[in-house]
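Student: Hi! Could you walk me through this structure in plain words?
Tutor: Happy to. Let's have a look together.

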Amino acid sequence: MTPISMHAASAPVFARMLDNMLRWLDAAKAHAEARKFSTDVYLTLRLAPDMLPFPKQIQIASDAAKGCVARLAGQEVPKYEDNEASLDELAERIRKTRDYVLSLPVAAFEGAEGREITIPRRSGDPLKFSGIDYLRHFALPNFYFHATTTYALLRHAGVPLGKTDYLGG
């Protein structure tokens with residue numbers, strides 16, 4: 001069995017789902033156009049009153065992807081303003097995130113599985129992980145939670161997406 005590198009287990013995985021998310025936004029725009037409503041409707045979507053709205057789901061997924069690869073590669077995490085106010089701006093954020101994720105050299109991930117990763121929190125002590133535990137038990141689950149929520153919100157709004165749209169290919 002060939003071991004998988006930390007780069008292979010992170011950057012291309014994030015990039016693939018980010019590409020899928022771009023296609024979901026394209027489908028949402030086409031759905032709104034066909035039904036003759038503003039795409040701004042999507043910006044207010046949430047499944048429960050106490051849930052973060054649609055744009056925040058994409059922003060957090062973006063933050064999870066770029067934060068993960070930056071930390072694993074020993075780089076400073078890029079900061080984005082979280083001010084996207086349209087599907088086009090959200091798509092641009094996804095593209096920027098995907099491009100960043102793919103820009104880090106494979107060599108920067110060498111030894112990342114043992115690198116100490118510290119995640120600050122708003123309250124309480126920071127979370128500390130080894131690189132491998134951070135990737136497997138924090139970064140990937142967090143990313144997929146918000147990507148899946150994005151997909152579910154669009155499906156709930158009637159956007160014709162299916163499992164193959166989620167999985168991509």
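**Helices and their neighbours**

Tutor: The crossing of H1 and H4 is left-handed. Keep in mind as we go that this is a predicted model.

Student: OK, and how close do the axes of H1 and H4 come, and at what angle do they cross?
Tutor: Their axes come within 11 Å, and the crossing angle is roughly 15°. Angles under 35 degrees count as roughly parallel, so H1 is roughly parallel to H4.

Student: Which residues meet there?
Tutor: On the H1 side they are Val13, Phe14, Met17, Leu18, Met21, Trp24, Leu25 and Ala28. On the H4 side you'll find Leu140, Phe143, Tyr144, Ala147, Thr150, Tyr151 and Leu154.

Student: Let's stay with H1. How many residues does it have?
Tutor: H1 covers residues 11-35, which is 25 residues. From its first C-alpha to its last it reaches 36 Å, close to the 36 Å expected at 1.5 Å a residue.

Student: What follows it?
Tutor: Lys36 follows H1, and the phi of Lys36 is positive, near 60°.

Student: How do H1 and H3 cross?
Tutor: The H1 and H3 axes come within 9 Å, with a crossing angle of roughly 165°. Angles over 145 count as roughly antiparallel, and H1 and H3 are therefore roughly antiparallel to each other. The crossing of H1 past H3 is left-handed.

Student: Which residues of H1 meet H3?
Tutor: Among them are Ala11, Phe14, Ala15, Leu18 and Leu25 in H1. Their partners in H3 include Leu87, Leu90, Ala91, Ile94 and Val101.

Student: Switching to H2. What span should its residues have, and how far apart are its end C-alpha atoms?
Tutor: The 19 residues of H2 should span 27 Å at 1.5 Å a residue, and its end C-alpha atoms are 28 Å apart, which agrees.

Student: Is H2 mostly covered or mostly uncovered?
Tutor: Mostly covered: 16 of the 19 residues in H2 are buried. Just after H2 comes Gly74, with a positive phi of about 70°.

Student: At what angle do H2 and H3 pack?
Tutor: The angle is about 10°, and the H2 and H3 axes are 9 Å apart. H2 and H3 are therefore roughly parallel to each other. Residues making the contact include Phe54, Ile58 and Val69 of H2, along with Leu90, Ile94 and Tyr100 of H3.

Student: New topic: which residues touch the most other members of the largest nonpolar core?
Tutor: That core has 52 residues, and Phe14, Met21, Leu25, Phe54, Leu72 and Leu154 touch the most other members. H1, H2, H3, strand E1 (116-119) and H4 each supply at least two residues of this core. The largest share, 11 residues, comes from H1.

Student: Why would nonpolar residues gather like that?
Tutor: In soluble globular proteins, nonpolar side chains tend to be buried together.

Student: What does Leu154 touch?
Tutor: Leaving out residues up to four places away in sequence, Leu154 touches Trp24, Leu25, Ala28, Tyr42, Phe54, Val159 and Leu161.

Student: What about Gln57: buried or exposed?
Tutor: Gln57 has 2% relative accessibility, and under 20% means buried, so Gln57 counts as buried. Its place is in helix H2.

Student: And what is Gln57 in contact with?
Tutor: Setting aside neighbours within four places in sequence, Gln57 is in contact with Met51, Leu52, His146, Thr149, Thr150 and Leu153. Gln57 and Phe143 are 86 residues apart along the chain, yet their C-alpha atoms are separated by 9.4 Å.

Student: You mentioned His146. Where does it lie?
Tutor: His146 lies in helix H4. With a relative accessible area of 8%, His146 is buried. Beyond residues up to four places away in sequence, His146 touches Gln57, Ile60 and Ala61.

Student: How far apart are His7 and Leu102?
Tutor: In sequence, His7 and Leu102 are 95 residues apart, while in space they are 9.7 Å apart, C-alpha to C-alpha.

How values were computed. Residues numbered from 1 in each chain as written. Predicted model: local features only at pLDDT ≥ 70, side-chain atom pairs only at ≥ 80, totals over all residues. Heavy atoms only, no water. Helix = DSSP H or I, 4+ residues; strand = E, 2+ residues; numbered from the N terminus. Expected span 1.5 Å × (residues − 1). Core = buried A, V, L, I, M, F, W, Y, C linked by side-chain atoms within 4.5 Å. Buried < 20%, exposed > 50% of the residue type's maximum accessible area, 1.4 Å probe, protein only. Contact = heavy atoms within 4.5 Å. Axes fitted to C-alpha atoms, helices over the stretch in contact; angles between N-to-C directions. Parallel < 35°, antiparallel > 145°, perpendicular 65-115°, else oblique. Left-handed = near helix turned anticlockwise from the far one by under 90°.
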